[in-house]
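Hi,

Here is the structure I promised to pass on. Have a look, and my notes on its rings follow below.

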Amino acid sequence: MEKFLTIMFVVAVAFETLADTVKFAVKVLDEQTGLPVSGVKVSAGFTTDRGLLARDRYTCEFKQYETDADGLIAARGTSNCGEAGWSVNRAEGYYCPVHGNGTPRFHGKNLFGVWQPDNTVITVKLQRVEHPIPLLVKRTPGGAFDSCKEDLFSKGNGRIMFDFIEGDWLPPVGHGKVADVEFVRLPHQSFGEVVGASGVKGESYRNSMSVKFLGEGNGLVEMHPFPEQALKIRLAPASGYSPDYLCWKGEDAKLKWETNYDENRCFCFRIRTRRNEDGTIKEAYYGKIYGDFKISHTSDPFVPVAAVWMRYYLNPTSLDRNLEWDRVNNLCPNPGDVGHSVGERQP
């Protein structure tokens with residue numbers, strides 16, 4: 001009996017020691033080589049719920065770790081509600097990952113009160129800083145959240161053109177000089193009256209905008225980088241550029257909203273291409289667009305296509321396809337709300 005009580009006492013002490021324990025690991029790798037990155041600081045937080053009547057209901061215990069030679073940290077803390085978080089800090093020579101933080105998911109405790117699963121390993125891949133350079137960076141105004149103040153297409157009689165180097169629309173909308181790309185508002189397409197899933201009648205329709213890069217050899221290449229990458233595009237491709245692209249939005253036969261806009265879609269583009277007599281490119285400028293072209297509308301329901309929102313980066317050196325921005329020097333003469341010195345924005 002005494003032996004049994006001793007065992008039970010040891011188990012109780014062990015339970016008390018381990019109760020509410022949260023365990024997980026974070027592994028940091030070099031994206032290019034797949035090798036572990038040591039010396040990276042990782043923060044972890046463990047939350048305690050003190051109850052509805054507590055003045056500060058949630059308290060958080062923070063701990064700091066540093067990855068070892070295997071790129072690993074083993075985080076351990078206590079939480080009575082199974083809430084914990086982690087964050088990978090900036091490492092020397094690497095970009096900070098867009099999704100460099102998160103919350104492990106726990107579904108319950110085991111017999112000893114340890115939150116499960118207790119063997120979770122979170123892998124984070126870091127991108128190297130290689131050849132950052134000054135670029136022209138611009139975000140066209142009026143459309144980051146779909147709505148804009150004025151109808152630019154009406155100013156241009158349904159057609160507006162943009163100068164990437166000046167960072168401005170051509171007259172009569174702006175003061176640009178060279179038409180690198182042309183946007184055209186296409187006629188509203190009606191597919192007739194239909195009945196939606198809820199039984200409500202309405203119009204099935206589509207509103208579209210064409211994108212055309214002007215000049216022989218100019219155009220864009222569609223890219224699909226991983227969303228968690230800070231540096232989405234490092235180098236523009238040497239070929240494969242197409243001059244045309246179409247943006248559209250509307251409602252289908254069941255009045256369900258549909259669009260080809262994809263916030264994770266990116267582009268590389270080439271402008272002002274000139275060739276030698278033998279066809280070799282002797283001059284061209286390369287850039288990238290983060291996120292898709294976005295159709296903007298006004299508060300007027302009869303103007304569903306009013307302007308274009310885009311965020312682009314352009315290398316001003318001819319034939320240089322490097323698009324890794326230094327995030328400090330913006331060479332655009334008309335940067336708008338992006339500004340000339342923009343610090344820690346996406347490279």
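Is F24 buried or exposed? F24 is buried, at a relative accessible area of 4% (buried means under 20%, exposed over 50%, partly exposed in between, with a 1.4 Å probe and protein chains only).

Before the rest, some housekeeping. This is a predicted model, where local features need pLDDT of at least 70, side-chain atom pairs count only at pLDDT 80 or more, and totals for chains, interfaces and linings use all residues. Residues are numbered from 1 along each chain as its sequence is written, and side-chain values use heavy atoms, with hydrogens and water left out.

Now the aromatics. Rings of Phe, Tyr and Trp (its six-membered ring) pair if their centres lie within 6.5 Å; planes under 30 degrees apart are stacked, over 60 edge-to-face, the rest tilted. That rule gives 17 aromatic pairs. One of them is F24 with F46, tilted, 6.2 Å centre to centre with 40 degrees between the planes. F24 sits in strand 1 (residues 21-30) and F46 in strand 2 (residues 41-49), so the pair links parts 22 residues apart in sequence. Strands are DSSP runs (E, at least two residues), numbered from the N terminus. F46 is buried too, at 1%.

F269 and Y312 pair edge-to-face, 6.4 Å centre to centre and 75 degrees between planes. They come from strand 19 (residues 266-275) and strand 23 (residues 311-314), so this pair ties together parts 43 residues apart in sequence. F269 is buried at 0%, and Y312 is buried at 0%. Both belong to one aromatic cluster, whose members include F162, W169 and Y245.

Cheers

Key
Helix = DSSP H or I, 4+ residues; strand = E, 2+ residues; numbered from the N terminus.
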